[in-house]
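This report covers domains, nonpolar cores and strand pairing. The sequence and structure come first.

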Amino acid sequence: MLSSHPLERIQLNNESNWRTVLKKAFKDPLELLEFLGLDRAEYLDKVKTDSRFKMLVPLSYAEKMQKGDWNDPLLQQVLPINQENIETRGFVNDPIGDLQAEASSGLLHKYQGRVLLVTTGACPVHCRYCFRREFPYADSSPDKKQWQNTLDYIQGDNSIHEVIFSGGDPLMLSDDRLQKMCIEIAAIPHVKTLRFHTRVPVFLPERINQSLRKMFTALSAVQEIQKVMVIHINHANEIDEHVSRALSDLRKDGFILLNQSVLLKGVNDDVATLSELSHKLMANHVLPYYLHQLDRIQGAAHFEVERDRSIRLVEGLRNHLPGYLVPRLVEDISGERSKLPIEKNPE
Ligand code: SF4
């Protein structure tokens with residue numbers, strides 16, 4: 001027996017408390033399948049072991065999936081399946097070298113001029129291909145002492161112009177915590193830009209609420225600081241009216257909005273799908289920024305698109321779209337000083 005019928009939860013609207021919405025997210029794959037009218041028995045047959053990386057899918061995201069379709073591109077991104085348990089050569093637990101770039105606990109200094117903060121391990125969803133699914137968040141959470149070390153590190157290096165709030169998802173922090181972090185970092189004179197990497201506007205648009213927006217607006221009023229939000233959207237079907245409204249609010253609050261997608265087999269690995277995504281992003285005033293070749297995290301090999309095909313897909317996009325709507329195909333290589341563009345080898 002399921003604990004409660006999913007339809008009971010549909011009443012929650014955009015004004016609901018985001019934590020309540022999240023508490024009611026699907027955590028049991030069988031419950032999600034029942035909601036989608038898919039055969040639970042078929043799933044049980046496919047999945048022999050319980051994943052350590054538990055499923056988490058907010059109801060509003062599940063509502064955007066096509067009922068009765070196992071191959072729905074949104075479902076593919078979030079449903080744990082048996083292939084995750086296959087060990088694949090070349091796939092590892094820290095594919096982009098986060099741990100070797102850790103300058104102090106939770107602060108990664110990989111690239112010139114900017115640092116990245118792993119602010120929390122919490123996310124509004126568990127993407128099955130997540131490159132940080134094995135990150136030791138418990139050892140790198142920014143408690144008070146570590147936070148002072150973080151501030152000291154940024155203050156002590158005046159080449160750092162940009163601070164990236166990442167995670168997990170930084171918008172999962174409480175308003176108070178996020179505000180304190182933002183204000184203290186924005187007060188460092190050489191920091192000119194705060195950048196947020198997030199899937200929250202897509203999976204939990206309720207979080208872009210009045211109190212968060214007030215905090216962001218107030219931040220710009222007191223400090224001369226640029227605010228950039230890099231959203232992570234992989235498919236046009238992820239953008240519905242609630243997501244559009246959240247994006248529009250963020251833009252009104254002074255954010256420059258960019259998108260990064262991960263190229264995923266069975267989700268968005270064709271020209272028509274990527275092209276539609278770029279157009280829909282543009283309609284929401286979001287520029288396509290990066291298209292990532294999959295980071296080779298153990299358990300995600302079934303999502304990988306072969307490199308030559310990735311290159312051909314982006315070439316195909318160039319034939320369909322103006323240059324500003326073609327995202328840059330890149331990969332993150334452990335130890336490199338920047339993301340590397342993936343390009344065709346000269347003949
Ligand atoms: S939201 Fe980002 S950090 Fe969280 S599971 Fe998805 S890819 Fe990973």
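The sections below treat the basis, the domains, the cores and the sheet in turn.

## Basis

The model is predicted: local features need pLDDT of at least 70 and side-chain atom pairs count only at pLDDT 80 or more, while totals for chains, interfaces and linings use all residues. Residues are numbered from 1 along each chain as its sequence is written, and side-chain values use heavy atoms, without hydrogens and water.

## Domains

An automatic or database domain assignment divides the chain into domain 1 (10-85) and domain 2 (99-341). Their C-alpha centres lie 23 Å apart. In contact (heavy atoms within 4.5 Å) are 28 residues of domain 1 and 36 residues of domain 2.

The rule for salt bridges (a side-chain nitrogen of Lys or Arg within 4 Å of a carboxyl oxygen of Asp or Glu) finds two across this interface.

## Nonpolar cores

A nonpolar core joins buried Ala, Val, Leu, Ile, Met, Phe, Trp, Tyr and Cys residues through side-chain atoms within 4.5 Å; buried means under 20% relative accessible area (1.4 Å probe, protein chains only). The largest has 78 residues, and Val163, Leu178, Ile185, Leu194 and Phe196 are those with the most contacts inside it. Both domain 1 and domain 2 supply at least three residues each to this core.

Apart from it lies another core of 14 residues, including Leu274 and Ile311.

## Sheet

Strands are DSSP runs (E, at least two residues) numbered from the N terminus, and two pair if DSSP finds at least two bridges between them. An open sheet of 10 strands runs in order from S1 to S10 with mixed pairing. Strands S1 (102-104) and S10 (340-341) are at the edges with a single partner strand each, so one side of each has no neighbour in the sheet.

Strands S8 (residues 287-292) and S9 (residues 328-331) pair in the parallel sense over three bridges. Val330 in S9 is the bridge partner of His292.

Note on methods
Buried means under 20% relative accessible area, exposed over 50%, partly exposed in between (1.4 Å probe, protein chains only). Helices (H or I, at least four residues) and strands (E, at least two) are DSSP runs, numbered from the N terminus.
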